[in-house]
Amino acid sequence: MDAHIQVRDLNVFYRRQQALKNINIEIPKQGITVIMGPSGCGKTTLLKSFNRFLELTDGTRISGKVLVDGQDIYDREVDVTEVRKRVGLLAQRPSPLPMSIYDNVVYGMHIHRMKRSRKQYKAAVQHYLEVVGLWDEVQKRLRDPATSLSIGQQQRLCLARGLAVEPEIILADEPTSALDPISSLNIEQRLLELKKQYTTVIVTHTLRQARRLADYVIFMYLGEVVEAGLAKQVFENPKQERTRAYLEGQF
């Protein structure tokens, strides 16, 4: 397995409470890795350790290593802004910026000075809105507020905004939990289409969604990784009894 992310002896504390306990895993390059497990088991904490979002929470202590392309992202010499550009996050609820649809997409590109002309920005906006299946729906209203979109459209806009800064890795924290079924399937379809180009890591609380999306699975319980492996192997022949119990709906 060609690993894109390697986690070594990772421990995370929120003040006195230990959220992650000695995590050692590898995330394969490209494809979709699903982190699953019951509520409160540390799924989102693990996900946010991959782009240093944990540091935004007061009282957080982190030990161990998270290697992206072999580089420890917690090394003191590492630029946090660059880490978060390379490893984007699609949040649980859509978070469009208080500006137009067009400006939402170009926001990150402006910050990182990725384009040189207005023509290049316009072309990029169209491209990334097409990638997320939003262009046909919004091309005549690009100057409208992003908040005028439906919640499902807002989530696709947030995905387009994240892709526009050209990340290597997409993190998605229960990205469909706030959406209606049709919008949820739309997001799932976009993520499936993108997996050939990006390493994607998804947290989900829905076992059916995990089965639909996963190429690789990490099962967590009480802050620990119980089992990790190819989706077919974990779903059809789990090695650990706790994994089997979870898949059978016992907890």
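## Cavity lining

The largest cavity is lined by Gly88, Leu89, Leu90, Cys158, Leu159, Gly162, Leu163, Pro167, Ile169 and Ile170. The model is a predicted one. By class, 8 of the lining residues are nonpolar and 2 are polar. None is charged.

Three elements each supply at least two lining residues: strand 6 (87-90), helix 6 (151-163) and strand 7 (169-173). Helix 6 gives the most, with 4 residues. The volume of this largest cavity is about 60 Å³. Across the whole structure, the search finds 1 cavity of 30 Å³ or more.

## Nonpolar cores

The largest nonpolar core holds 46 residues. Those that touch the most other members are Val34, Met36, Val105, Leu129, Leu157, Leu163 and Phe235. Leu163 also belongs to the lining of the largest cavity.

Phe235 has contacts beyond its sequence neighbours. Leaving out residues up to four places away in sequence, Phe235 touches Met36, Leu207, Ala210, Arg211, Ala214, Val217 and Leu247. A second, separate core has 28 residues. Among them are Leu10, Ile27, Val68 and Val87.

Thr44 lies in helix 1 (residues 43-49). Its relative accessible area is 27%, so Thr44 counts as partly exposed. The class runs between the cut-offs of 20% for buried and 50% for exposed.

Thr44 touches Asp173 and Val203, with residues up to four places away in sequence not counted. Thr44 and Val203 are 159 residues apart in sequence. In space, their C-alpha atoms are 6.7 Å apart.

Definitions and conventions. Residues numbered from 1 in each chain as written. Predicted model: local features only at pLDDT ≥ 70, side-chain atom pairs only at ≥ 80, totals over all residues. Heavy atoms only, no water. 1 Å grid on protein atoms, 1.4 Å probe; cavity = no way out; pocket = protein on both sides within 12 Å on 5 of 7 lines; lining within 4 Å. Points joined across faces, edges and corners; volume = space filled by probe spheres on them. Nonpolar A, V, L, I, M, F, W, Y, C, P; charged D, E, K, R; others polar. Core = buried A, V, L, I, M, F, W, Y, C linked by side-chain atoms within 4.5 Å. Buried < 20%, exposed > 50% of the residue type's maximum accessible area, 1.4 Å probe, protein only. Contact = heavy atoms within 4.5 Å.
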